[in-house]
Amino acid sequence: MLKPFYLGQSAAHRRLVELAESARAHNLRELFDQDAGRLQRMSGSLNGLYMDWSKHLVNDDVMQALFALAEEANWAEGVRDLYAGELINQTENRAVLHMALRGETEDGFALDGEDVMGEVLATRAAFGAYADAVRSNAQIKDVVNIGIGGSDLGPLMVTKALRSRSKGGPRVHFVSNVDGAHLESVLDGLAPDSTLFIVVSKTFTTQETMANADAAKAWIEASSLPVYDHFAAVSTNLPAAVGFGVKAENVFGFRDWVGGRYSLWGPVGLSIACSVGSSAFSELLAGARAMDRHFVEAGARENLPLISALLGVWYREYLGFSTHVVLPYAQDLDRFPAYLQQADMESNGKCIGRDGQPVDHHTGPVVWGEAGTNGQHAFYQLLHQGTDIHPADIIAVEAPLSAYSEHHTKLLANAIAQAEALMCGRNESEVREEMKVTGQPQSAIDAIAPHRVFQGNRPSTFILLDELSPKNVGQLIALYEHRIFIQGLLWNVCSYDQWGVELGKVLAKNILTEWSEEGDKQLHDESTQHLIQRLKR
């Protein structure tokens, strides 16, 4: 179990509070002008992933204090506890070992002294072989993944990211919403005899998933086709899956030390493997494992996930920036912000500390974003000139993602330009000079110039992948996973439960039960009761 860490009692915390006052006056242009070695000190690479954090509102004093904060929180000991299978998911009395799903025999992941890698590797081989069999089966044209939350967002995001590796495989679709329109829109145009469904539910009781699974089963049966030929399952509830109609050998399970939002690396990633094949899936795992090893082995000042996490804590706690925007300049990564919303906000969106007491500081930011350049024509106005500052991660890929190489040059130019614009902005004297050069009258300059001023000084991290390969996608996801762990450690919250999701589920179940009852018995507040009765009528 991770030891509680009390931010307010930390000497580094008090130092950071002091530094935050002067940091608000930092000017990023001046920081670069005054420090020729800034970029070199504030950038790093790992196996085709380059991270530049030089455009942040930090100097050496701030970074030194942030590293001191991590030391006071015993971050290295926390990482050891994570990898050793300690029960750091304390409210559910579970270990957190999703890293084992991308591990190898020599990594020695164990729980209660028992090595888990034999089971992990056997399961990996089994669902990998099944995925390859699906890909080689000419009868199967479409695969539909039915899940929700971590059983949907991760596999969907990676499948889209690795689009270029899907040649030769079936088309892969995803259904998550209990809104029947989602299932209907996916099934429209598919043929029952050439469609395979993968039902992903740990318990095989998830309300939304099973509603969609039952409807998909009825769709297959309506064509007089055998259910067992058109369904596979990812679940720990083998009897329920077999009872549903799935062959036992086509049910792939995993242990309770794998949380849903960290589960794409195992059988939950079956749809990914069906799309790209087991070989590419193995490359994805290898990339994540490389980041795992870096996280464990690199010193603090070279540790990319640690540095990313500390910058996030600096902005959330000390400068009061409440959101974190993720801007992938790669259309194939357009679901990455949505994936991170769950990974981050479900993990660290907590107000109770590991000691069971309310925390007295900020915790997780709102995570949001959209693929560039589309986002530039939507919300970048707020990023550049809004009254709040939103620290950004800009993610770009060096190698072209399509045959349209000129498009890719424009894409990269926009990514770099946005990072520069966020940092440098444009002051009023520059605006006035520019307008003067274009021959505009003084009256227009006086009236319009203030509206064209960009304050700049808006921080961003630039992450550059040499290509959008399975290895690099694995590295990228694992970097953020470890960032989330470190931030949860510093904020003293339990990052691996999600009790905040449960209440809505319970109340929805109650309302469904009441839906068929007669009468107007007052079981809720007036507003809720009125909505139920209005919709029942």
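In this predicted model, helix α14 (residues 336–348) and helix α19 have axes that come within 10 Å and cross at roughly 25 degrees. That angle makes α14 roughly parallel to α19, since angles under 35 degrees count that way. The crossing is right-handed.

Which residues make the contact? On the α14 side they are F336, Y339, L340, A343, D344, S347 and N348, while α19 brings L476, I477, Y480, E481, I484, Q487, G488 and W491.

Six strands form an open sheet in the order β1-β2-β13-β12-β10-β11, and the pairing is mixed. Strands β1 (43–46) and β11 (366–369) stand at the edges with a single partner strand each, so one side of each has no neighbour in the sheet. On average, neighbouring strands here are turned by 15 degrees against each other, direction ignored.

Let's zoom in on one pair: β12 (residues 392–397) and β13 (residues 460–465) run parallel and are joined by six bridges. Within this pair, V397 stands opposite L465 in β13.

Two helices pack on the sheet, as the table sets out.

| Helix | Strands touched | Direction angle |
|---|---|---|
| α16 (residues 405–424) | β10 (323–329), β12, β13 | about 155 degrees with β12 |
| α19 (residues 470–491) | β1, β2 (49–52), β10, β12, β13 | about 40 degrees with β2 |

Methods: Residues are numbered from 1 along each chain as its sequence is written. This is a predicted model: local features need pLDDT of at least 70, side-chain atom pairs count only at pLDDT 80 or more; totals for chains, interfaces and linings use all residues. Side-chain values use heavy atoms; hydrogens and water are left out. Two strands pair if DSSP finds at least two bridges between them. Helices (H or I, at least four residues) and strands (E, at least two) are DSSP runs, numbered from the N terminus. Axes are lines fitted to C-alpha atoms, for helices over the stretch in contact, and angles run from 0 to 180 degrees between N-to-C directions. Contact means heavy atoms within 4.5 Å. Angles under 35 degrees count as roughly parallel, over 145 as roughly antiparallel, 65 to 115 as roughly perpendicular and the rest as oblique. A crossing is left-handed if the near helix is turned anticlockwise from the far one by less than a right angle, and right-handed if clockwise.
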